[in-house]
Amino acid sequence: MQSSKIGVQIVSSGILAEDTLMLGESHLKKWQIPQGQTVRLKFGAWRGDVKVFPVQRYDGMRISQALAVRLGIHAPCSLRMRYRRASRELALGPLVGVLISRDYPHSPDRPFGQITGFCKELVDAARLMGGYVYFLTPSMLGSGFSRLDAWVWADGWRRARAPAPDVVNNRLTTRKLENKTSVQHFFKEVKSRFGTQVFNEKFLDKSEVFAALRRQPSLGRYLPESHLLTGFPMLKSICARHASVFLKPVRGSLGKGIIRIVRLPSGGYAAHHATTLGTRRQQFPTLLKLYASISGRLRSGRYLVQQGLNLIETGGRPIDFRALVQKNGSGEWIVTSIVARIAGGQHFVSNIARGGTLSTVREAIAKSNLAAGRQDAPARLRTAALQIASGVDAQIPAHFGELGIDLALDTSGRVWLLEVNSKPSKNDNTPLSGTGIRPSVRVMLLYARHLAGL
């Protein structure tokens, strides 16, 4: 049976005992909850025995302030409710913990910096849809996990104690934070002890993604030739097959460190370096001299060498596409949004951080030099995004609930995969719109409800 959305009020402990809650009579009848008898209340990792009493002509739930504190609820809220008669369990939630990189306790209006608006949007969405969201950072993780130190919204941001959640959305933005012993121990403990579901639990390496997707033959048509760079012989081999190639840091983001190598008609090679100020170009008489020039940088980390593509463009500016693909309330992948990204005038990468601009898919395609297939191109991009997300799910042993999938079209209309990002930015597709709730936020909460069985 589906869950019910219910408003939760907090009343004085002098009026209502801690082990008692009041529930609208219609809900007791619908769920056949025994009146005045003990049932097991569940909220995240918290379990406790309570007695439920009906309230006529009332559609919500009332709990005492003492019980609210134990649940980590510090303001009226809306939750989903489900009762299982066989186990006499009354479940409330979903309780969602969002793990973010850092906080700024001395900035009460913006305790999470640039993502404060996104965090408040999640809180507002939970209030509308039913659910409770709190936020925590790696520095807030202690040795005990049944109750956590967290940030909650209660007419303003405040620190409070709360049970371990039903669901953790991992939004850590660096591998260094994600790989901390305290973070990995937290993931392990809440999953094993409380059955907490952790999604987007790891970063993806570019080489890992392409190697995994190659194991699924149906995805081969989307994959440009890609290899983990092992040295000059490999670079020489792939440059012999393609007029241009890209060198991409395996763990890079925002276009940082990308080098484009182009074979020149007059002989020799050019290296284009992506920088914050634009593209820096160097020319070399031989590929070996080019490699010698960049070898120091290549030693700083692993690089993927990838076939260059003849991307569609507008006004000489390359176009690619970012699809946000999420699991919905049924646990199925859907494309929540897809936008075109047009590279800045002095750049060959399209990231917004590098001066790129956003456009609708149809508008960008209409202005591009795409030779054929303009009408069905948006549908083919969506199909590719869904198939690639399913391939990541099938081939990479980790739990993902949302992916940013970067796609491209070449001038013949063929769809190519550029990159898969397991920590897609919430500001890279559509801007925050006042008090509005974006579809991506709604879908994330629907998936949390699915995972929590609510």
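Tutor: Of the 454 residues in the chain, 57% are buried (under 20% relative accessible area with a 1.4 Å probe and protein chains only; over 50% is exposed, and in between is partly exposed). Bear in mind that this is a predicted model, where local features need pLDDT of at least 70, side-chain atom pairs count only at pLDDT 80 or more, and totals for chains, interfaces and linings use all residues. Residues are numbered from 1 along each chain as its sequence is written, and side-chain values use heavy atoms, with hydrogens and water left out.

The chain has 11 helices and 25 strands (DSSP runs numbered from the N terminus: H or I of at least four residues for helices, E of at least two for strands). Its C-alpha trace spans about 90 × 45 × 40 Å along the principal axes.

Now for the pair. Helix 7 (residues 232-241) and helix 8 (residues 287-298) have axes that come within 11 Å and cross at roughly 130°. The axes are lines fitted to C-alpha atoms over the stretch in contact, with angles from 0 to 180 degrees between N-to-C directions. That angle makes helix 7 oblique to helix 8: under 35 degrees would be roughly parallel, over 145 roughly antiparallel, 65 to 115 roughly perpendicular, and the rest is oblique.

Who touches whom? On the helix 7 side you'll find Phe-232, Leu-235, Lys-236 and Cys-239, and they meet Leu-287, Leu-288 and Tyr-291 of helix 8 (contact means heavy atoms within 4.5 Å). By type, the residues of this contact are six nonpolar, no polar and one charged; Ala, Val, Leu, Ile, Met, Phe, Trp, Tyr, Cys and Pro count as nonpolar, Asp, Glu, Lys and Arg as charged, and the others, Gly among them, as polar.

Elsewhere, the largest nonpolar core has 72 residues, with Met-61, Leu-90 and Phe-135 touching the most other members. Such a core is a set of buried Ala, Val, Leu, Ile, Met, Phe, Trp, Tyr and Cys residues joined through side-chain atoms within 4.5 Å. Helix 3 (residues 116-129) gives the most to this core, seven residues. Apart from that core lies another, of 40 residues, including Phe-210 and Ala-364. Ala-364 also turns up in contact with Ser-359, a residue of strand 23 (residues 357-359) that is buried at 13% relative accessible area.

How values were computed
Lists of a residue's contacts leave out its neighbours within four places in sequence.
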